[in-house]
Amino acid sequence: MMKFTDILKEAHETGQFQPVVDAIPYANLLGLEFQRFGSDVIFRLPDNKDNIGNPILPAVHGGVIGGFMEMSAALHLLMFLDTPAMPKIVDFSLDYLRAARGGRDTFAECQVIRQGSRVANVIINAWQTRREDAVATARAHFLLAP
Amino acid sequence: MPESNPYFGRAERFIGLLRHCQVLGIKVKEADAESLTLELPYSSNHVGNPTSGVIHGGVITTLMDTACGTMVINALPEFELCPTLDLRVDYVRAAEPKKPIYALAEAYRVSRNVVFTRCTVHQGDPESPVANCVGTFMRIGSHLSPPDFKAAVLGTAEAQTPGRQDQSGAN
């Protein structure tokens with residue numbers, strides 16, 4: 001099996017990041033997918049009963065939404081910055097705006113607000129049916145240096 | 001801890017209803033009126049960085065959200081299902097692989113509309129945390145909380161699965 005560092009290096013060279021996602025166990029546990037549209041990328045969390053928290057609504061567990069957004073931000077940085085290593089999360093501020101309903105897919109989009117030499121500031125928006133009706137919005141800092 | 005501790009039983013039943021918590025393997029370790037400790041054993045499925053074997057921050061976020069949310073239930077006089085308003089997490093050091101993580105949560109202020117919580121994730125020594133967070137939860141009122149869920153968490157339903165037994169004496 002290929003080492004993760006080699007998978008990362010190869011992804012940087014080819015621009016193909018699916019093998020990176022495939023190699024991250026937690027991304028597979030959640031079922032994270034992504035699609036690139038030129039220089040844009042949208043992350044997708046397909047409906048999955050294993051991600052449910054509140055069984056009554058039902059709703060996706062808030063922690064899953066958070067984890068999905070953190071993972072999306074780290075992958076976004078990997079794709080668009082020249083970082084050969086997995087960025088390390090430093091802090092994360094997450095606002096829940098409405099319940100993420102079970103039975104629906106959830107999407108996320110990231111924006112790098114500022115990239116310094118060692119740290120990056122990223123905002124992440126997550127939605128289900130309409131981008132305007134966000135289920136959660138978050139802000140994170142990542143350390144870029146390995 | 002004995003089942004007779006109502007805080008422990010309530011916490012255990014609540015977490016038992018949250019499917020994703022079962023998928024991760026989250027367990028209640030200690031619970032009383034003031035604090036709550038959850039435990040999450042290490043699993044290779046939780047890894048976020050295959051090079052180091054360190055679990056992903058999202059796993060810690062889920063553990064903290066669950067710990068704070070469960071603490072809210074134990075901090076309120078009556079059962080209320082309180083949605084999370086926000087979470088603010090600091091990841092102060094990477095969790096050591098192959099060791100369980102623990103989340104110690106408390107509700108430091110219960111107001112009429114909002115419950116304020118904080119939580120520390122550690123690997124045996126709360127003075128040496130892996131992560132810290134504060135989380136706020138919105139109170140929706142006991143009357144708006146789903147009766148099935150309430151009965152299942154309080155353990156007053158005959159069957160402790162929501163939806164199966166809804167004519168309990170809980171309401």
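Trainee: Which strands does helix H1 of chain B lie across?
Mentor: Helix H1 (residues 6-17) of chain B lies across S1 and strand S2 (35-40) of chain B, and runs at about 160° to S1(B). Axes are lines fitted to C-alpha atoms, for helices over the stretch in contact, with angles from 0 to 180 degrees between N-to-C directions. Helices (H or I, at least four residues) and strands (E, at least two) are DSSP runs, numbered from the N terminus.

Trainee: And what does H3(B) touch on the sheet?
Mentor: H3(B) touches S3 of chain A, along with S1, S2, S5, strand S6 (101-110), strand S7 (114-122) and S8 of chain B. Its direction makes about 40° with that of S6(B). A contact needs C-beta atoms, placed from the backbone, within 7 Å.

Trainee: Is H3(B) buried or exposed?
Mentor: Mostly covered: 19 of its 19 residues are buried (20 or more other C-beta atoms within 10 Å of a residue's own; exposed is 12 or fewer, partly exposed in between).

Trainee: Before I go on, what should I know about the model?
Mentor: This is a predicted model, where local features need pLDDT of at least 70, side-chain atom pairs count only at pLDDT 80 or more, and totals for chains, interfaces and linings use all residues. Residues are numbered from 1 along each chain as its sequence is written, while chains are lettered from A and ligands numbered from 1 in the order in which they are written. The scores are ipTM 0.94 and pTM 0.92.

Trainee: OK, sheet next. What's the strand order?
Mentor: There are 12 strands in an open sheet, S1(A)-S2(A)-S4(A)-S5(A)-S6(A)-S3(A)-S5(B)-S8(B)-S7(B)-S6(B)-S2(B)-S1(B), with antiparallel pairing (at least two DSSP bridges between two strands).

Trainee: Which strands stand at the edges?
Mentor: Strand S1 (33-37) of chain A and strand S1 (27-31) of chain B; each has a single partner strand, so one side of each is left without a neighbour in the sheet.

Trainee: How many bridges join S3 of chain A and S5(B)?
Mentor: 5 bridges, in the antiparallel sense. Phe92(A) stands opposite Val89(B) there. S5(B) also pairs with strand S8 (residues 131-138) of chain B over 7 bridges.

Trainee: How many residues does each chain give to the contact?
Mentor: Chain B gives 34 residues and chain A gives 33. On the chain B side, the largest share, 8 residues, comes from S5(B).

How values were computed: Two residues are in contact if their C-beta atoms, placed from the backbone, lie within 7 Å.
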